[in-house]
Amino acid sequence: NTITGAQGTDVIWCSALSNIQNIFFTNNIVATALGRNLKIVPDLGYTDGTLTTMDNVSVTGNTFSGWNTAADPAFESIQVGAAGRATNVSITGNKFSGPGLVIHNEGTTQVTADHNWWGSATPAWGSTVAGSVTYDPWYVNVGMTTLSSSLTITFNSNGGSIVTAITAPYGSTISAPAAPTKTGYTFAGWYSDVALTTSYTVPDTMPAADMTAYAKWTLNSYT
């Protein structure tokens with residue numbers, strides 16, 4: 001489904017009329033101009049004073065876009081609320097794009113929000129999620145094929161000795177490998193392109209994308 005909303009509107013308001021379980025919001029395209037895409041807020045009550053609850057809420061396979069064009073924190077893409085009465089909320093496998101706050105958990109129960117694409121390989125988490133939200137690992141590419149927990153720098157030694165690839169989570173400390181060797185040649189450094197035109201230095205921390213480095217060699221001269 002493709003679901004759109006006018007400026008300042010909440011596109012989907014998931015609010016329990018009675019205590020309900022097993023809510024699934026799956027495979028939709030949701031967009032709005034300056035409004036919440038989805039509210040998971042059991043904020044209704046009964047005449048006897050008891051309050052509604054929601055349990056086992058799954059939001060997966062959706063594309064959310066176009067929210068918060070004025071960078072107003074009141075208009076996050078997904079709002080989870082009601083002081084712990086929305087429980088077991090899982091927001092995974094979604095694509096988010098656009099500026100501003102994505103998930104705002106106003107409740108006291110942790111929201112699981114890993115395995116999403118957040119519109120950037122390196123989201124600014126302080127302005128992307130608020131409240132108790134777990135977001136690690138996340139996808140570092142829009143095609144959602146590479147996770148932040150398992151990134152790889154591969155070394156093509158161009159006929160030299162084998163250099164073991166580095167596989168590590170994004171941002172973790174890494175070290176450059178020992179230089180390869182090749183009979184009759186001197187190692188002249190790593191390069192980021194096959195044509196060996198752009199030199200490459202292994203960083204101190206794991207970058208947010210897979211990478212292949214290529215060895216350059218200079219022929220030894222013997223007299």
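Modeller: Before we start, helices (H or I, at least four residues) and strands (E, at least two) here are DSSP runs, numbered from the N terminus. This is a predicted model, where local features need pLDDT of at least 70, side-chain atom pairs count only at pLDDT 80 or more, and totals for chains, interfaces and linings use all residues. Residues are numbered from 1 along each chain as its sequence is written, and side-chain values use heavy atoms, with hydrogens and water left out.

Biologist: Thanks! Where is Asn 116 placed?

Modeller: Asn 116 sits in the loop between strand E12 (111–112) and helix H1 (125–128).

Biologist: And is Asn 116 buried or exposed?

Modeller: Buried, because its relative accessibility is 0%; the cut-offs are under 20% relative accessible area for buried, over 50% for exposed and partly exposed in between, with a 1.4 Å probe and protein chains only.

Biologist: Which residues does Asn 116 touch?

Modeller: Leaving out residues up to four places away in sequence, they are Ile 91, Thr 92, Gly 93, Asn 94, Phe 96, Trp 138 and Tyr 139. Contact means heavy atoms within 4.5 Å. For Gly 93, the backbone nitrogen is 3.0 Å from a polar atom of the Asn 116 side chain.

Biologist: Switching topic, what about Thr 186?

Modeller: Thr 186 belongs to strand E17 (residues 185–191). Its relative accessible area is 40%, so Thr 186 counts as partly exposed.

Biologist: How far is Thr 186 from Thr 218?

Modeller: They are 5.3 Å apart in space, C-alpha to C-alpha, and 32 residues apart in sequence.

Biologist: How many helices and strands are in the protein?

Modeller: There is 1 helix, along with 19 strands.

Methods
Polar contact = N/O pair within 3.5 Å; in protein donor to acceptor, adjacent residues only side chain to side chain.
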